[in-house]
Amino acid sequence: MASLGKLARRGGLYTLLGGFAFFSAFPFYWMVIATFKRDHDLFSPLNNPFLFNEPPTLDHLRLLFTETHFAGYLTNTLVVGLAVVAITLATAVPAAYALARWARGWGETLGIGIFLTYLVPPTILFIPLSRFASYFGLQESLWSLILVYPTFTIPFCTWLLMGFFKTIPKDIEEQAMIDGLSRFEAMTKVVFPLAVSGILTVVVFSFTLSMHEFIYALTFISVSAKKTVSIGVPTELVRGDVFQWGPLMAGALIASIPVAVVYTFFLDRFVAGFTMGAVK
Amino acid sequence: MTSPAVSPPSPETERAGILDREGTLAKLLIAPAVLYIVAMIGFPFVLAILYSLSSSTTGDPSLKIVGLRNFGAALSDPVFRIALRNTFLFTLLSQAIVIVLSRVLANALMKAFRGKWIVRFLIMLPWTAPISLGTIGWLWMYDSIFSPIDWVLRYLGALGSAAALFGPQTNLYWLGVPGLAIASVIIVNVWRILPLATVIQLGGLSSIPRDLIEAAEVDGATPWRRTLSITIPLTLPIVSIAFLFGIVFTFTDLVVVYVLTRGGPVHMTQVLSTWTFFKGIEGGDLAQGAAISLFMFPVLAVVAALILRMARRTEVV
């Protein structure tokens, strides 16, 4: 009897989780189906939409890479992402270290102040920043994105790294200085290497957020060849008023899955970071 | 007794001199980040306020201050009022649903079971994949002719015949009917924030000391009682944090509405962020756009203050 009850509870658990997984992942399953379905099959309302009624095809993928700017969107996304990672590291790593090390009272306050700027949303800033972009002649240029994206990566990453640096004991660098390293060398040669997992988190986070970003890209870039995937796929893969559903879904799928895999590994750390360590 | 050897300052340490003075070094290290934030967040924010008080357009971006006229104009615009209502409606409804679902889901994910990583990966997809691309998947699911939801309803006989539950038409037109379009947007908002709220709650649940629950079990507390007097009070701060962050992300989101409906049908799903975009960027009325976006600010300020308070409190505990 007891084991029967246990079995029922197991079954209940799997049903529940299965239901949630279905809800969360179905749009992506739907992309997979559309990616490999023949147009004739895709656009027949009487066909069972969940199955392949005709043999699958690679036509949509071919079309996506040969007749659209999709490959260009991927390249632009990569360029912007890497540049944003570089700017974020160059500013957030030193700032976080200083805030964590020398800060008693004011450092903590300044740290929280920096974090709070993360809550000022792009939806308030994109109007004035669009004037910046046009004032400096950066409209239709990837530079506008490269310069603006750090506005959301720096505050968060500084906060996240501050937590990391606090866990590295001060004795280690004091010992290094006794051994003859200068203050600056103790920081760069001893402490930064120890914070490598935090720095890696920041790299992944900055890149992921840059790739997810939509509003600024939508506002600053309207030339097709300069778009990033997050705006290129939803706005460009439409011919006239007709959605190219096959290539569209293929593009969404290809751009989503790799970043989702990487992000999943780091998710817990990000969440611990932006709930300000309230969750551990 | 010899005095400790004092090495003469080598040229190397001389050069490193500035970097060895702790206060100076600290300031130098912090400066780039602070300057970036001041120039690219602080200054634009002030500029947004100035624009909202001016008559600037993209054609004539000079700042001529005209006072509070733009806010008055926004408030008397019926589309703005729909956008304001929708922003609150979408946020509160979706977050109420998310809190309940994420609680259930987090509880389930606390248990040990086979294939956990794949279940976790699938459940996190809406948050880990770029939101504009996930929403495109929904756009295709809400398609006016090829929606799989409609197909299932037709298959079950609930749609497309004279006696059907949802009527004789072959499709529901998810994004074409105001009520359904609003429901569609809320569903996608729930879908998007659920993973985030779940991860936050998982952190909260795993931080409850096991021995506390075991002690309660030994003392004969029923599961219901344990939930009521241990789990709920101990996780309330975490649930609040999840709720507040969900509000921040949903309240300011533009992507879901922009990709799904562009605010349609006839502005019935317009929200503050999309209306800011359509007025301020596509319409070129910078002043109006800035004024509309600033209506979000009071809510965000309150939420930020609450997040700070929650974080402080949990730190003390």
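## Helix packing between the chains

The axis of helix H13 of chain A (residues 229-236) comes within 8 Å of that of helix H7 of chain B (residues 131-141), and the two cross at roughly 25°. Axes are lines fitted to C-alpha atoms, for helices over the stretch in contact, with angles from 0 to 180 degrees between N-to-C directions. The crossing makes H13(A) roughly parallel to H7(B) (angles under 35 degrees count as roughly parallel, over 145 as roughly antiparallel, 65 to 115 as roughly perpendicular and the rest as oblique). Helices are DSSP runs of H or I with at least four residues, strands are runs of E with at least two, and both are numbered from the N terminus.

On H13(A) the contact is made by A:Ser230, A:Ile231, A:Val233 and A:Pro234, and on H7(B) by B:Ser132, B:Leu133 and B:Ile136. Residues are in contact if their C-beta atoms, placed from the backbone, lie within 7 Å. Five of these residues are nonpolar, two are polar and none is charged (Ala, Val, Leu, Ile, Met, Phe, Trp, Tyr, Cys and Pro count as nonpolar, Asp, Glu, Lys and Arg as charged, and the others, Gly among them, as polar).

## Basis of the model

This is a predicted model, in which local features need pLDDT of at least 70 and side-chain atom pairs count only at pLDDT 80 or more, while totals for chains, interfaces and linings use all residues. Residues are numbered from 1 along each chain as its sequence is written, and chains are lettered from A and ligands numbered from 1 in the order in which they are written.

## The interface as seen from chain A

In total, 77 residues of chain A are in contact with 79 residues of chain B. Helix H14 of chain A (residues 245-274) supplies the largest share of the chain A side, 14 residues. That side divides into 59 nonpolar, 14 polar and four charged residues.

## Domains of chain A

An automatic or database domain assignment divides chain A into domain 1 (2-47) and domain 2 (61-274). The C-alpha centres of the two domains lie 33 Å apart.

Eight residues of domain 1 of chain A are in contact with eight of domain 2 of chain A. On the domain 1 side, helices H1 (2-36) and H2 (39-42) of chain A each supply at least two residues, and H1(A) gives the most, with five. By class, this side has five nonpolar, one polar and two charged residues.

## Overall form of chain A

Chain A has 14 helices and two strands. Its C-alpha atoms fill a box of roughly 75 × 75 × 35 Å along the principal axes.

Note on methods:
Two residues are in contact if their C-beta atoms, placed from the backbone, lie within 7 Å.
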